Amino acid sequence: MYRDKARDTDFITTAQTRAARIKTFASLFTLFLIDIAPVPVTPVIAFVIILSRPHWFYRVVRQVYGEVA
């Protein structure tokens with residue numbers, strides 16, 4: 001699905017990967033804190049991401065895993 005897209009993160013440094021991991025952890029932790037409320041938010045957001053498969057999510061995964069992804 002994403003093979004035809006331009007690779008905008010060809011050279012990902014270790015510092016960029018670490019920063020992406022920290023931002024991702026902070027985002028998931030914030031969602032966890034919001035999810036403590038009686039209204040479940042995280043499953044709805046995850047469901048939308050799974051169904052739409054946005055390009056920004058693919059870029060985040062590439063930044064987190066580096067050239068392995």
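Which residues make a nonpolar surface patch of about 570 Å²? Select Phe25, Phe29, Phe32, Leu33 and Ile36: they make the patch. A patch takes residues with over 30% relative accessible area and no salt bridge; nonpolar side chains (Val, Leu, Ile, Met, Phe, Trp, Tyr) are joined within 5 Å, like charges within 9 Å. A salt bridge is a side-chain nitrogen of Lys or Arg within 4 Å of a carboxyl oxygen of Asp or Glu. Accessible areas come from the Shrake-Rupley method with a 1.4 Å probe, and for residues only the protein chains shown count as cover.

Some ground rules. This is a predicted model: local features need pLDDT of at least 70, side-chain atom pairs count only at pLDDT 80 or more, and totals for chains, interfaces and linings use all residues. Residues are numbered from 1 along each chain as its sequence is written, and side-chain values use heavy atoms, with hydrogens and water left out.

**Whole chain**

Switch to a cartoon view. The chain has 3 helices and 0 strands, in the order α-α-α from the N terminus. Helices (H or I, at least four residues) and strands (E, at least two) are DSSP runs, numbered from the N terminus. Now show the surface. Of the 69 residues, 16% are buried. Buried means under 20% relative accessible area, exposed over 50%, and partly exposed in between. Contact means heavy atoms within 4.5 Å. Among contacts between residues at least 6 apart in sequence, 72% join residues at least 24 apart.

Leu33 is partly exposed, at 46% relative accessible area.

Next, look at the rings. Rings of Phe, Tyr and Trp (its six-membered ring) pair if their centres lie within 6.5 Å; planes under 30 degrees apart count as stacked, over 60 as edge-to-face and the rest as tilted. The count comes to 3 aromatic pairs. Phe25 and Phe29 form a stacked one, 6.1 Å centre to centre with 20 degrees between the planes. Both lie in α1, 4 residues apart, about one turn of the helix. Phe25 counts as exposed because its relative accessibility is 59%. Phe29 is partly exposed, at 42%.

Go on to Trp56 and Phe57. This aromatic pair is edge-to-face: 6.0 Å centre to centre, 90 degrees between the planes. Trp56 is partly exposed at 44%, and Phe57 is partly exposed at 38%.

**Helix α1, Thr17**

Is Thr17 buried or exposed? Thr17 lies in α1. Thr17 is buried, since its relative accessible area is 11%. Its side chain reaches the backbone oxygen of Gln63 at 3.4 Å. Leaving out residues up to four places away in sequence, Thr17 touches Ile12, Gln63, Val64 and Gly66.

Phe11 is in the segment before α1. Phe11 is exposed, at 80% relative accessible area.

**Last stop: a loop**

Pick Arg53, in the loop between α2 (42–52) and α3 (55–65). What is phi of Arg53 near? It is near 45 degrees, a positive value in a residue other than glycine. Arg53 is partly exposed, at 49%.

Methods:
Buried means under 20% relative accessible area, exposed over 50%, partly exposed in between (1.4 Å probe, protein chains only). A polar contact is a pair of N or O atoms within 3.5 Å; within protein, one must be able to donate a hydrogen and the other to accept it, and residues adjacent in sequence count only if both atoms are side-chain atoms.
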